[in-house]
Amino acid sequence: MPAHALRNPVAIVGMSCTRFGELWDRNVDDLLVEATLGAVGSVPGLELGQVDAFWLGTMTSGVSGLTLTRPMNIADRPVTRVENMCATGSEAFRNACFAVSSGAYDVVMAVGGEKLKDFGFSGLEMPSVPGDGTSPNLSAPAMYSMIVPSYARRYGLTEEQVKEAMTHIAWRNHANGARNPRAQFRKSVPKEVIARAPAIAGRLSVFDSSGVADGAAAAVIVRAEDAHKYTDRPLYVHGLALSAGAATGRNDDRYDYSDLPEVVNSSQVAYAQAGITDPATQISMAEVHDCFTPTELVLMEELGFSPRGQGWKDVLAGRYDLGGALPVNPDGGLKSFGHPVGASGLRMLFEMWLQFRGEAGDRQVANPAFGLVQNQGGSPGALVSAVSIVSDRAP
Amino acid sequence: MTRKLTGITSYGVYVPFYRLNRGDIGTSLGLPGLTGARPVAGYDEDSTTLAVEAARRTLRRIPGFAPAELWFATSRPAYLERSNASAIAMALGLPEELAAYDAGGAIRSGAGAFRAALRAPAVVTLADLRYGLPGSEDELLGADAAAAFTTGENPVAELLGGASRTMELLDRWRTPGAIRTRTWEERFGVEEYLEVVQAVAEAAAKEAGLEPSEIDHVVISGPHTRAVREARRRFDPARLAAGLADDLGYAGTADFGVRLCAVLDRAEPGQSILAVLAADGADAFVFRATPELAAYRAQGAERPGGVLPLGYPDYLTWRGLLDREPPRRPEVKSPAPPASWRNMRWKFSFTAARCAACGIRNLPPRRICLGCGAVDQGEPVAMRDVRGTVATFTDDWLSESVQLPAKVVAVDFDGGGRFEFEMTDAPGREVAIGDRVAPVFRLASVASNDIRNYIWKVRPHEEES
């Protein structure tokens, strides 16, 4: 698949992210206003009127660009609403980058937000198309929990061994989130508590699942050559990839549920754009889509951070902990930062923004070279995966 | 002139797997002395799915049979106004050139459907769910079950004669939608039923050229417990034994069929059979087992599977008699009738598409093959009787299924093709990769607009060795 690096590289020059959580006192308008004004305000001298175009990512909180223009009182601007399931935030960002790189616009914004807590359900409700009623109707944790027996059988492990790695991931992402003032869950949880929690699907408990949260995040993007007009510490984009699978895995007996080929594809495309040949050593830190703990486990292999079948060992050895060789989800991840769908991809970038600017407080990773953001939507066998590579060095 | 033999050409019974101990009912309701267990249809079964399973078992034993008619009878129809027989016909994969009829409501409609089916090459399937208010006789002594027959030439049981009488006698009644069946006092009707049972037995035997006392096997079925008991007393117990052999309780509209099947499983070629349904009058049928019966039985029927214990609270919940707090999840969505209609051969007949270019099975059928990308190369392939293996699995506590956790399995079918299903008849089962499963026609859900979402699921399958 030809997917070239941007001919005109781009950079993020301003970002913001709201607190994530059960924000009963705020609606989606409030969240989008806070994130948008925050990102504009983070760029000295920039005013909203100087932003040429907007990409809004939201899955269930509104339709069309008007979801953003109405609360912001923006008029006469191109505003596009995008949706790609849980990768919606990354999709808003990716398309905004292309637009500014093309030269059509000079300053653009990607805004992502979601108001989930007004639905009143545990878990997500996916918008559904009328059908014949034969599509398997599984909850999201159930779909992802099917990774566990597949991974265990594939590598000759017991499900208990896989669960031990899952528990480590939940424990670490909770510990990281405890250090993050914007996170939904700011509490370390002992491994014994995590391991004992009652199941909601297969081997998964609530501790293995992302938080259902409200929140929004936004980025201001310009061409790299202009970045220093806005900030002395821009975050440069080195790779931008999206892979939408054929979504046939769940109907194809050749598919193994512990494979996420869309992640392999999107990461390899992004690595090629960024000139990365050995991600296990060249990536300094990663924000990945830990919607459920088994997802993060297999992502370590699909992204090339661990050899196949070895991810569980690397997880347990602390390789991906804060202070490990390749910190993963230093901000707490979907697990404890929370997962307001349309915002999550931009929230991951926001952690990169803080980390590369040295503003991550006691989560700070020392001297990062490349940061990776991986954001996905769907389920094993029917996935979209977006990968972005960022750095404080210009491409 | 030689007379063409016609009658029953194949038969089959389906008894759902769940068993409710009457002692559990007694403990809950303070009724001492209850023993035994009754069969209960699963939370995802109704009279339509029960009828499908009995008919599948029947049709499997007569390969290549092309019925001209399908008759379905039950006292608990899943739908009114629209046909349930059409869903049954589609789930059986029968061609559209078929007349499919419901004969619903009355228990006696079972005899009517049976009688109609005996005129033509036909399949008749009788199904019922027996329940009422907690502690009722229908609950305590009832059985959920289904029985089916095919009819035509070269029968295993030749029809020799029949007779009917009709009475306008209100011994029991239920209005549409009601749970409870009401009855008049049990002594009312006994003598009247005895009279008509005797009358039809004599008339049918006479038509068959027999005396009632010559008949080898006698089945007497009916909802009036006391009258049926008295009617049976008039016959030699040895002749009644076969029809009572598999007794699991009174199966309503299906009961007459279930007992006739039990006799057919035991009768010797040449023996005569009198089957009587006593309801709102009486219907009698006299058959003679033919030499074909032995060979037919030798090819083997569906082996009875293991049974699943069911607690009284779950039984009450499944029957809508105990309104429990639902999980906090979105409301179940109904299938869209136009989509169900477009995809009827997939949704009801479980017909996949095998790609003529690469051989891969596409479940569901699709225009562009998921294996090779060939366009419009799919050829229909019936998956109803294809076994499969569990590729991976989970328990879903957030499912919209009635019974939590829902057992969800990805199934790889023998010969190719994968689909994800709720595994039914598997509460508390420890599922493992590699477990064997077989498809069954069940209900996924019933939406708030009363649309019943019929789909194919899988159930555990014990391999024949």
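Start with strand 4 (residues 69-74) of chain B, which runs parallel to strand 6 of chain B, with five bridges joining them. Two strands count as a pair if DSSP finds at least two bridges between them. Strands here are DSSP runs of E, at least two residues long, and helices are DSSP runs of H or I, at least four residues long, numbered from the N terminus. One bridge to look at: Phe72(B) has Thr125(B), in strand 6 of chain B, as its partner.

Before going on, a note on what you see. This is a predicted model; local features need pLDDT of at least 70, side-chain atom pairs count only at pLDDT 80 or more, and totals for chains, interfaces and linings use all residues. Residues are numbered from 1 along each chain as its sequence is written, while chains are lettered from A and ligands numbered from 1 in the order in which they are written.

Back to strand 6 of chain B. Strand 7 (residues 145-153) of chain B is joined to strand 6 by seven bridges, and these two run antiparallel. There, Asp128(B) is partnered with Ala145(B) of strand 7.

How many of the seven residues of strand 6 of chain B are buried? Seven of the seven, so the strand is largely enclosed by the rest of the structure. Buried means 20 or more other C-beta atoms within 10 Å of the residue's own; exposed means 12 or fewer; partly exposed is in between, with C-beta atoms placed from the backbone. Both faces are covered. One side has Ala122(B), Val124(B), Leu126(B) and Asp128(B). The other has Val123(B), Thr125(B) and Ala127(B).

Now chain B as a whole. Its secondary structure comes to 13 helices and 22 strands. Its radius of gyration is 23 Å, close to the 23 Å from the globule rule for 465 residues, so chain B is as compact as a globular protein of that length. That radius is taken over C-alpha atoms, and the rule is 2.2 Å times the number of residues to the power 0.38. Along the principal axes, the C-alpha atoms fill a box of roughly 70 × 65 × 45 Å. Of the 465 residues, 52% are buried. Take contacts in chain B between residues at least 6 apart in sequence: 69% join residues at least 24 apart. A contact means C-beta atoms, placed from the backbone, within 7 Å.

Next, domains. Chain B divides into domain 1 (6-174 + 181-318) and domain 2 (338-460). Bounds come from an automatic or database domain assignment. The C-alpha centres of these two domains lie 31 Å apart. Their contact takes 16 residues from domain 1 of chain B and 17 residues from domain 2 of chain B. On the domain 1 side, helix 2 (47-60) and helix 3 (85-91) of chain B each supply at least two residues.

What about the two chains? 37 residues of chain B are in contact with 32 residues of chain A. On the chain B side, strand 18 gives the largest share, six residues. That side divides into 19 nonpolar, eight polar and ten charged residues. Nonpolar covers Ala, Val, Leu, Ile, Met, Phe, Trp, Tyr, Cys and Pro; charged covers Asp, Glu, Lys and Arg; the others, Gly among them, are polar.

Over to chain A. It has domain 1 (10-122 + 213-236) and domain 2 (140-208 + 238-391). Their C-alpha centres are 24 Å apart. Here 36 residues of domain 1 of chain A are in contact with 34 residues of domain 2 of chain A. On the domain 1 side, helix 3 of chain A brings the largest share, seven residues. By class, that side has 19 nonpolar, eleven polar and six charged residues.

Helix 1 of chain A has 14 residues and reaches 20 Å from first C-alpha to last, close to the 20 Å expected at 1.5 Å a residue. The expected span is 1.5 Å times one less than the number of residues. Its buried residues include Val28(A), Leu31(A), Leu32(A) and Ala39(A). Their cover includes strand 1, helix 2 (66-72), strand 4 and strand 7 of chain A.

Last stop: Val43(A), in the loop between helix 1 (28-41) and strand 2 (53-57) of chain A. Why does Val43(A) count as buried? Because Val43(A) has 20 C-beta neighbours inside 10 Å. Not counting residues up to four places away in sequence, Val43(A) touches Val13(A), Gly14(A), Val220(A), Tyr230(A) and Thr231(A).

Definitions and conventions:
Contact = placed C-beta atoms within 7 Å.
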